[in-house]
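Colleague: Please take me through this one, and show me what each label rests on. I like to see the cut-off beside the value.

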Amino acid sequence: MANKFFGNWIVKNILWAAIVLALLILGANLGLRALTHHGKEITVPDFTNMKVSEATYQASLSNIRVQVIDSVYIRRMARGAVYSQNPKAGSRVKKGRRVLLTINSVTPKKVQMPNLVGYSMRQAKAELGSRGLFLGKLIYVSDMATNNVLRQLMDNREVEPGRMIDSGSEVDLVVGLSSMDNQTYVPDVLGMKLLRARDAIHDNSLNIKRLVFDKTVSTYADSLDAVVSRQVPAASRAPILLGSEVTLYLTNDEFAKPQ
């Protein structure tokens, strides 16, 4: 009976149609996964301090792309070297993603000092970065709004909005500190390069007290390649007062780097 049923030409055609349809659906799903790189993510390398040609090569090994979109001027940094990147190192992205690079300019340039008063600390930090300026120290004073920028300083002096200053300059921010919102946490920056670690420290409303480089670090370029081998205090979920200081110990010794 079964042989007679499956031997019927109508049943055969229906079965073949079902098989073809299943194969088409399977092929479409596989093609869609390939086109969208479904489930495949890549960890963005750290291009800091690389030449653009080196960054391009490293990016190709990771199946991503790089593009230079801006420049800053850092006095002690190698000319043309990568200063920062977006997305940041360690981010997870899809294959073929473009990473935007900011490089160190060959010649110094001037930028206009923005008016950061009234910004949140994070907004002010982002605005400084967009202009090729650094966040220096966070100086907390009693105020009703925590992390509200009250003053902007360079070399302990007020720096007026609109003033032309060197790209790469550090700007200290006087920010508010409310008694109702005055605590943060120490992030884990072990294994991070200097610029990325400093970013994480500032993002948690903390200051860097001291940078301690071992004997493997002898130049500014070395310092940018060095990674944090120890931090004091260590990362913790125990609350700590905003504006507290963290000391970072950095090395280029492969054996001393955190695994």
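Colleague: Why is E158 called partly exposed?

Modeller: Its relative accessible area is 37%. Buried means under 20%, exposed means over 50%, and partly exposed is in between (1.4 Å probe, protein chains only), so E158 at 37% is partly exposed. R151, with 38%, falls in the partly exposed class too.

Colleague: Before we go on, what kind of model is this?

Modeller: This is a predicted model, where local features need pLDDT of at least 70 and side-chain atom pairs count only at pLDDT 80 or more, while totals for chains, interfaces and linings use all residues. Residues are numbered from 1 along each chain as its sequence is written, and side-chain values use heavy atoms, with hydrogens and water left out.

Colleague: What makes E158 and R151 a salt bridge?

Modeller: Their N to O distance is 3.0 Å. A salt bridge needs a side-chain nitrogen of Lys or Arg within 4 Å of a carboxyl oxygen of Asp or Glu, so the pair qualifies. The whole structure has twelve salt bridges.

Colleague: How do you know that K88 and D203 belong on that list?

Modeller: The closest N and O atoms of K88 and D203 are 4.0 Å apart, and the pair is counted as a salt bridge. K88 sits in the loop between β3 and β4 (92-94) and D203 in helix α5, so this pair ties together parts that are 115 residues apart in sequence. K88 has 40% relative accessibility, so it counts as partly exposed.

Colleague: Which other partner does D203 have, and at what distance?

Modeller: D203 also meets K125 in a salt bridge, at 3.1 Å from N to O. K125 is in helix α4, so this pair ties together parts that are 78 residues apart in sequence. Both D203 and K125 are buried. A network of salt bridges links K88, R122, K125, D199 and D203.

Colleague: What makes α5 a largely enclosed helix?

Modeller: Helices (H or I, at least four residues) and strands (E, at least two) are DSSP runs, numbered from the N terminus. Eight of the ten residues of α5 are buried, so the helix is largely enclosed by the rest of the structure. Among the buried ones are L194, A197, I201 and D203. After α5 comes S205, with a positive phi near 60°.

Colleague: Which sheet does α5 pack on, and what makes its strands partners?

Modeller: The sheet is open, with three strands in the order β13-β16-β14 and mixed pairing. Two strands pair if DSSP finds at least two bridges between them. β13 and β16 (residues 245-251) are joined in the parallel sense over six bridges, and R210 stands opposite T247 in β16. Helix α5 (residues 194-203) touches β13, β14 and β16, and its direction makes about 155° with that of β13. Axes are lines fitted to C-alpha atoms, for helices over the stretch in contact, and angles run from 0 to 180 degrees between N-to-C directions.

Colleague: Why are β13 and β14 called edge strands?

Modeller: β13 (207-213) and β14 (227-232) each have a single partner strand, so one side of each is left without a neighbour in the sheet.

Colleague: What makes β5 a largely enclosed strand?

Modeller: Five of the seven residues of β5 (residues 98-104) are buried, so the strand is largely enclosed by the rest of the structure. β2 (residues 65-72) joins β5 in parallel through seven bridges, and β3 (residues 82-86) joins it antiparallel through four. L100 in β5 is the bridge partner of Q67, and it is the bridge partner of N86 as well.

Colleague: What makes a set of residues a nonpolar core, and which members touch the most others in the largest one?

Modeller: A nonpolar core is a set of buried Ala, Val, Leu, Ile, Met, Phe, Trp, Tyr and Cys residues joined through side-chain atoms within 4.5 Å. The largest has 19 residues, of which M113, L116, L128, I165 and L173 touch the most other members. β11 gives the most to this core, with four residues. Contact means heavy atoms within 4.5 Å. Leaving aside neighbours within four places in sequence, the contacts of I165 include V111, M113 and M154. A second, separate core of 15 residues includes A197, V217, I240 and L248.

Colleague: How do you know that A59 is buried?

Modeller: A59, in helix α3 (residues 52-61), has a relative accessible area of 1%, so it is buried. Setting aside neighbours within four places in sequence, A59 contacts F47, I64, R65 and V66.
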